[in-house]
Amino acid sequence: MNRASSDIVALVREIVDPLVEDKEAVEVTSSFSEDGIERVEIRVAADDAGKVIGRQGRVIKSIRVLARAAACTDGGAVEVELVED
């Protein structure tokens, strides 16, 4: 994970932490696809998933916009997904 990648992960974590009740269950990971797009995965407790998604998906959409804007300043591309186990 390079510096820009860790910055995106930290940004997403800073946004998600205040939204959830179970902060211990928050897990934000990053990986890169073959075409160089960074994939950031958010895992939270099942009870907190709705809070991260928000009404009509507004919260997760906003998180995606902020992550893309941050990645764009470094010339990269990023996808943010909420992973449900």
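Strands (E, at least two residues) and helices (H or I, at least four) are DSSP runs, numbered from the N terminus, and two strands pair if DSSP finds at least two bridges between them. This is a predicted model, in which local features need pLDDT of at least 70, side-chain atom pairs count only at pLDDT 80 or more, and totals for chains, interfaces and linings use all residues. Residues are numbered from 1 along each chain as its sequence is written, and side-chain values use heavy atoms, with hydrogens and water left out.

**View 1. The open sheet of 3 strands.** The strand order is β1-β2-β3, with mixed pairing. β1 and β2 (residues 38–43) are antiparallel over 6 bridges; Glu27 stands opposite Arg43 in β2.

**View 2. Helix α3 on the sheet.** Helix α3 (residues 58–73) packs on the sheet and touches β2 and β3 (contact: heavy atoms within 4.5 Å). The direction of α3 makes about 155 degrees with that of β3; axes are lines fitted to C-alpha atoms, for helices over the stretch in contact, and angles run from 0 to 180 degrees between N-to-C directions.

**View 3. Surroundings of Val12.** Not counting residues up to four places away in sequence, Val12 touches Val28, Val40, Ile42, Ile63 and Ala67.

**View 4. Asp48 in the loop between β2 and α2.** Asp48 is buried, with a relative accessible area of 2% (buried: under 20%, 1.4 Å probe, protein chains only). Its side chain reaches the backbone nitrogen of Glu21 at 3.3 Å. Leaving aside neighbours within four places in sequence, Asp48 contacts Val20, Glu21 and Asp22.

How values were computed. Buried < 20%, exposed > 50% of the residue type's maximum accessible area, 1.4 Å probe, protein only. Polar contact = N/O pair within 3.5 Å; in protein donor to acceptor, adjacent residues only side chain to side chain.
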